[in-house]
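Hi,

Here is the structure I said I would pass on. Have a look at it first, and my notes follow below.

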Amino acid sequence: MQTQAMFYSIEEQSKIAGVSEQQLHLYYACLQAAYFYRQNQRVFIYTQDQESAHNIDEMLWAFDPTSFVPHNLIGEGPKQGAAVEISWQAPTNRRAVLINLTSDVPNFANQFSHLIDFVPADETLKEQARNRFRTCRQWNFNVAHQVASAPQPIDTTS
Amino acid sequence: MSAVEHAFSHQGALAKAINGFSPRQAQLDMAMEVAKAIEQKNSLVVEAGTGTGKTFAYLIPALLANKADAESDQGQKKIIVSTGTKNLQEQLFHKDLPLIRKALASNAQVALLKGRANYLCIYRLEQYQNSRGQLDAQTLADFVKVRSWANGTRSGDIGEVVNVMEGSPVFPFVTSTVDNCLAKDCPNIDDCYLIKAREKAIDADLVVVNHHLFFADMALKDSGFGELIPKADVMIFDEAHQIADIASEYFGEAFSTRQLLDLCTDVLQVYRSELTDVKQLGKAAEKLLKTSQEFRLLFNYDPERGNWREKHKQQRFSHAFTLLKTDLDFLYQVIKLCVSRNEAIDNCFDRAVNLLTQYEVMADVDAMGMSFWYETTPRHVVLHKTPLSVADKFGHYVKESGAGWIFTSATLAVDGAFQHFSSHLGIEHSASLLLDSPFDYAKQSQLVIPRYLPAANDRNRAKALSDLAKPLIEASKGACFMLFTSYRVMHQVAELLAEEVDNRLLVQGQMGKRKLLEEFVEQADAVLLATASFWEGVDVRGDKLTCVIIDKLPFASPDDPLLQARSEDVKRQGKDPFAQIQLPQAVIALKQGVGRLIRDVSDNGVLVICDDRLVNRPYGEVFLKSLPEMKRSRDIKQAANFLSKLG
């Protein structure tokens, strides 16, 4: 099984009213989580550390109710985890989608059928993202790239 | 401009009568829809978020319609307003109605009608004075106060007796019940306060009742009833979210050992005072008394609810239940011999007949479409037979009435729709209106689900609850409620908190509910710990209550027998009982809670729900879409910050 990796870059047209530039890629991560949840795909959001896990948890919980995303942090919630799990440690159960918010490509990435990653506007972070992009290539992932843009309304009926 | 629009306008009646009145679109929208429903004799369901001003929005079109009919000689347009509690009745009658009547220059006759237990019974007062049971000093003192009030009262409403505590044991002796009322045989019938109040209500243009009274009338559960509602042209239910459950109760039947006990007590009293020659009377009553007490002892010591159908299958219960019948039947036979010797014994005879009928109802546990359940109190057992649905009956009634029906509350919609409410009452074809509250919930309030909570059955649960409560109690300076689903956890948390905080802890059970609330309001830093149901009907304004911590989502207990029966029924229809019953119920309960926390544009507060299912289960979405848009967070520290900035 080849992992499908998609890198979303944050650019001018990615801006969203009410969301700070530093938080933009997190916002898009939430949107992606909401999208895959509605496709009945289980999602793993991998973060650098506990604090960033809390940030994304806070953001998902405060997200627009029409794109509600049931989620849990590692160490809480149901035994097999909710539809979306947030962790700064390696996953403990099988999921289809990995949303990577760390500076490297985690070595368990190939267990997932989809990898979602972001290329923030900040130069340092952008450089790290480029490295991850290369790593994915080297690991023989099917890598693609597109600009993150203001979302199509998410179809909640599907 | 219609009369309703004019009344709410800048130059209108309300602006003239009320200082600082400013027209609000949502309120006017509601008033217009109400006027339409009254005119077209339709039914209307309105959710009006807290602060919309729904009371005026239904009273004004109703009174204007009444006034218009009176002025054009079209006869009397009769209006019934039904509210959730006695307190709300009083507020409506003594505060809102006088204001609006004056503003509209309405001549409508208004009346307040309460339940039977609120009116002095002259016959029983005199009886009691003559027989004088063994009263303790306090009750005797209360009795003396009641008696001197009774000499001067015009309404006979015991609410006027302000110097006697509400729950005083003297009241049951000076008021009547359906069972012990002598009705047409009563020597005092011409002076009966209850009858007077009812007559006044029947003549009035607008009557304020409560839901219990309304459904007692509708289900013909009290003599002299069934006269009020058929005459009404407009029916308005405030706090309408409660009525499906109350209707079920009245369309059902109950049989309690208390009724048996009361009958025995009264028979014994007659035997000792007037019919001393009939020795069997005393024996039969004492025998039944003993059997019904033994029946209670079969059930668990602690009060509980359960499935009567299942209990009835067990031999020891069915045997004891049969004994009740034998002894009741014996008592009936003995009383029968004394019939027409005096009014009191005739009344006992009627009651025995009724009880025998009720007994048969509870013995026939195979009846379809019904839930059979029991509840126990420390001394008594009540058997209930409750219809699984009142939709057919109630819906039919509404349709046939030819009246306008308004159902309103701050909490009716689930996920923006009224289907849950309407289908329970069989009024799916009603018009509906959803009005948001004018409050800025995102600024005024927060909904917080703490992280890393141990599971409900984890032994560290109480510790975790008290740990997270501590900073919130400090930040809110004690303006804090903690509500629990179990007494056990409540006491554990109370014990832990006592070590951790200096605030006085008021724990349910320490004193009566009313007293507890008074203490909470009076003592600035006191924290209140209680069970979840405690919150219902509680009204604590402003900065006295800024933080409410709930230990679990308010799902009804799966052990509840009525819920079980309804779930079975829904399953048989191929639907999901959780989505159909439990979820909407919990959503409404939580919405009620939010409404109690934020009561005003200047109110602020944090609602902490220690149940992460709201975050990690798909149904969290239904809750969020149904609750007001509070700011959501999972961070206790942040919430504490918010609270500490309020003071």
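A contact here means heavy atoms within 4.5 Å. With that in hand, residues 24 or more positions apart account for 67% of the contacts in chain A that have a separation of 6 or more.

Some housekeeping before the rest. It's a predicted model, so local features need pLDDT of at least 70 and side-chain atom pairs count only at pLDDT 80 or more, while totals for chains, interfaces and linings use all residues. Residues are numbered from 1 along each chain as its sequence is written, chains are lettered from A and ligands numbered from 1 in the order in which they are written, and side-chain values use heavy atoms, with hydrogens and water left out.

On to chain A. It has three helices and seven strands (DSSP runs, numbered from the N terminus: H or I of at least four residues for helices, E of at least two for strands). Along the sequence the order is β-α-β-α-β-β-β-β-α-β. The radius of gyration is 15 Å, close to the 15 Å that the globule rule gives for 158 residues, so chain A is as compact as a globular protein of that length (taken over C-alpha atoms; the rule is 2.2 Å times the number of residues to the power 0.38). Its C-alpha atoms fill a box of roughly 35 × 35 × 30 Å along the principal axes. Of the 158 residues, 51% are buried (buried is under 20% relative accessible area, exposed over 50%, partly exposed in between, with a 1.4 Å probe and protein chains only).

Now the salt bridges (a side-chain nitrogen of Lys or Arg within 4 Å of a carboxyl oxygen of Asp or Glu). The count over all chains is 35.

- Glu621(B) and Arg38(A) meet at 3.5 Å, N to O. This pair crosses between chains, from helix α26 (residues 620–626) of chain B to helix α1 (residues 24–38) of chain A. Glu621(B) is buried at 14% relative accessibility, and Arg38(A) is buried at 9%.
- Glu90(B) and Lys114(B) meet at 2.5 Å, N to O. The two are 24 residues apart, with Glu90(B) in helix α5 (residues 86–104) and Lys114(B) in the loop between β3 (110–112) and α6 (122–131). Glu90(B) is partly exposed at 30%, whereas Lys114(B) is buried at 2%.
- Lys515(B) and Glu519(B) have their closest N and O atoms 3.4 Å apart. They sit four residues apart in helix α22 (residues 513–522) of chain B, so about one helical turn separates them. Lys515(B) is partly exposed at 41%, and Glu519(B) is buried at 14%.

There is also a network: salt bridges with shared partners join Asp57(A), Glu58(A), Glu76(A), Arg451(B) and Arg634(B).

Cheers
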